[in-house]
Amino acid sequence: MSWIQKLYETYEQCKGHEPDGSEPLLPISHTYQQAHVEITIDIAGNFKSAQFIGKQETVVPATEESAGRTNKCAPHPLCDKVQYCAADYQKWGGNKAPYYSDHTNKKGEIVKGYETLLSTWCASEHRHFKAEAVLAYVRKGEIVADLVREKILHAGNDGKLLGNWNADTPTPDIFRILTPDQKTKQRDQGNAFIRWRVREPENPCTAVWEDESLHVAWAKYDASTKATPGVCMVTGETGVNLASSHPKRIRHAGDGAKLISANDSSGYTFRGRFTDDTGQQACGVGYEVTQKAHNALRWLIQRQAYRNGDQVIVSWAVGGAPIPDPFGSSLTLLLAGIDATDSPTVIVDADAGQAFAKRLNLAMKGYRARLGPTDDIVVMGLDSATPGRMAITFYRELTGSEFLARIERWHTDFAWHQNFGKDKHFVGAPAPHDIAEAAYGRRLDDKLKKATIERLLPCIVDGQAFPRDLLESTIRRTCNRVGLERWEWEKFLGIACGLYRGAFKNEGYEMALETDRRSRDYLYGRLLALAENIEGYALTTAESGRETTAARFMQRFADRPVSTWRTVELALSPYKSRLNASAKGKGFLIKRMRVIDEILCLFEPEDFLRDTKLSGEFLLGYHCQRQALKPPKAEATAANDDDTPAE
C-alpha cells in the first residue's frame, strides 16, 4: 500500500498549489471523459444552442460505479452519452439499450437510470442550480430532436438515426469521431458524449465542468450516499467509507485498465482466498483515499511521465518540488534545470567536458535549492498486458539527496560528445530511448523497446551496472557503419562511446584525446581515425564524396585489427602519392604520418601483432583522435563535416 499512500499524500500537498499552466488536480467523485457535443441551456432548462466540439477532455461528476464502469449500465449523474441523457433516444431508432430510466440488469437487479440519479441529487440538500436546469431540460425528452435540428446528429427519411453516412456530400463530423461496431460496422450516434453549459445572469461561469461549486456539491452528495464503513489500510482510520470499485482511465481517457480490481461476488476474485465472497475480508481502501490517489497519479502522468505505448514511467516529489527527469538526456536536464545556464542552448565544447560538469553542477544545485535532502521521491513504472489489468512494473522510494546524487552520477559517468543532428550537439548522457535505438535499430518493435527501457531504469535510479549485452549490441551496430546512414552513425557513435565510458568508469576514460594511454584497443582506434583522416583529406581535395576505406572496413577492423590494418594501410598508398604532388598536401601528410609513428611506438610488440577482436575501447580512441584532428572552428560552424581534417 506504500504507492497509494504516497499518491494520497501528493494529492493532499499539491491540491490548490498546481504549477501555473498545468491542469488542476481532479476533484474526488469526478472523472475525465472525451466530450463530443456541447449543449447550452438557460437556468429554466430551455434549449439555446448546440455545437460539435470534436474530442475534448472534460471533467464530469461520476459515481463510484460509473467512474469504473466496464459495461454500459451505470450512468454518470450529469454529463453522459446521448443514450443515457436522451429520453427520446429509442423514439429516434436507437439500437442500444436506453439508460435514461430505471431498468433491470441481467441479474434481475433494478439499476438506477440517468434521470433517477440526477433527480435524486437535485432533491438533496447538496443540489446545485445548474444540475436542476439540466434535469428540467432532459425531462422534456427533446435532446435527440434538438441535435438533429442543429445538424449535429443525423437521421434518415424514416426518422431514425443513421448508422453510416452513405451520401455523396461530405461526411458529417459526428461520423468521423465515432468508432464503428466490430460486428455490424455501424456507428451508433447514441455514443456521442454531451457536456452542458447553463446560462445564468449572475454567474459568468456557464460551463458545468469548470464550476467548482458544482464539483463540491456533487462530491458532498456522493459522500452522503456511502454506507460501507471499515478500516482503511492506507491511513489506518476506522469507520471510513470503503471503496467497492476503483477508478480507471489512469493513463488516458480511453484507458480501461485498473491498478486495483473491484470486488467481485460472482466471479473468481475471492475463490480460494477467503471464506466468503463478500470481499469484506480483503484489505479495504477508503473511498476518498483511492479517489485522491488515482487522481494524483493521473495528474502526474499527464504532466511529466515517460510514455511508450501502454508503458508509463513517472517520477515525482511528494511535496510537489520540481525534479530532474530520469528519462531525459543531459541536454534535456541542462535546459530544464533551474538556473542551469545563461544560454538557451547547449553546444559541444572543445574541452574535455569541464564546461559540461560545471553546467551539470549548476543544474543540480538549482534542483537542490527546491528539493530538501529528506524529501520523498517516488519512481513508478506502469504497464498492462491486457485491456483491463494494469501492473506496477517498477517502484522505488528515495530521499531527495539520494535521487539527485544518482541522476547526477548517471549523467557524469555516461557523458560523451553527442551528435544528434545539425543543431543538436551536446556533451552528456543519452536518453534511454536513444540507447534502445542504438542497441537494436530505429525500427525496433514496442515490446523490445519496453523491455530495454525497463532494464535501463535500475541503472539510472539504483545505480546498477549497465547491461553488458546492450553495450555489446550498441558497439556492434556502431561498427557496422556501412549499414547506417551518416547522421545515424554519428549519433550511435557518441552513444556507444558514452555507454562504454560509463560501463568501465573505473578505467578513468577522458572525453579528450589521451596521448599517454597505451592500451591496444585505444591505440588501434587512433590509427583507424588517422587513416580515415588522410584518405578523407585526399578525397576532399579531389572533390569526391565516397566513403573512405577505413569507414568501409570498420566492422572488419573491429574483429581482426592486425590483418585489416594492413589492408587499410596499403589502400592509403595512392592517396599518399596524390598528397605528395602538392606542397600543401605533402605538409599535411608529414604531420599525420608523424602521429602514426608516435602511436605505433606506444604499442607493446605482442599487442600490435595480436589479431583478436577489439573491445568498445577502440571507439573511444577513434572518436577522441578524430576530434583532436578537427580544427576548432569546424565544431562550431561545420559540425557535420567530420571528414574535413586540419592541415
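**View 1. Asp80 and the residues around it.** Asp80 touches Arg69, Pro75, Cys85, Ala192, Phe193 and Ile194, leaving out residues up to four places away in sequence; contact here means heavy atoms within 4.5 Å. This is a predicted model, so local features need pLDDT of at least 70 and side-chain atom pairs count only at pLDDT 80 or more, while totals for chains, interfaces and linings use all residues. Residues are numbered from 1 along each chain as its sequence is written, and side-chain values use heavy atoms, with hydrogens and water left out. You'll find Asp80 in the loop between helix 2 (64-67) and helix 3 (82-85); helices (H or I, at least four residues) and strands (E, at least two) are DSSP runs, numbered from the N terminus. Is Asp80 buried or exposed? Asp80 is buried, because its relative accessible area is 0%, and buried means under 20% relative accessible area, exposed over 50%, partly exposed in between (1.4 Å probe, protein chains only). The side chain of Asp80 also reaches the backbone nitrogen of His76 at 2.6 Å. Along the chain, Asp80 and Trp196 are 116 residues apart, yet their C-alpha atoms are 9.8 Å apart in space.

View 2. Strand 1 (residues 30-42) pairs with strand 2 in the antiparallel sense over 11 bridges, and with strand 5 in the parallel sense over 6 bridges. Over in strand 5, Arg195 is the bridge partner of Glu38. In a regular strand the side chains alternate between the two faces of the sheet.

**View 3. The hairpin and the cover on strand 1.** The hairpin of strand 1 and strand 2 has 4 residues between the strands, and Gly45 there takes a positive phi near 85°.

View 4. Helix 17 (residues 520-541) has 22 residues, which should span 32 Å at 1.5 Å a residue; its end C-alpha atoms are 32 Å apart, so the two agree. That expected span is 1.5 Å times one less than the number of residues. Helix 17 is mostly covered, with 20 of its 22 residues buried. Now for the core: a nonpolar core is a set of buried Ala, Val, Leu, Ile, Met, Phe, Trp, Tyr and Cys residues joined through side-chain atoms within 4.5 Å. Of the 92 residues in the largest one, those touching the most other members are Val379, Phe403, Trp410, Phe466, Tyr524, Phe618 and Leu619. Helix 17 supplies the largest share of this core, 12 residues. A second, separate core has 52 residues, including Tyr89 and Leu147.

**View 5. Asn308 in its strand.** Asn308 belongs to strand 8 (residues 306-308). Asn308 is buried, because its relative accessible area is 8%. Leaving aside neighbours within four places in sequence, Asn308 is in contact with Asp446, Lys449 and Lys450.

Terms used. Polar contact = N/O pair within 3.5 Å; in protein donor to acceptor, adjacent residues only side chain to side chain. Pairing = 2+ DSSP bridges.
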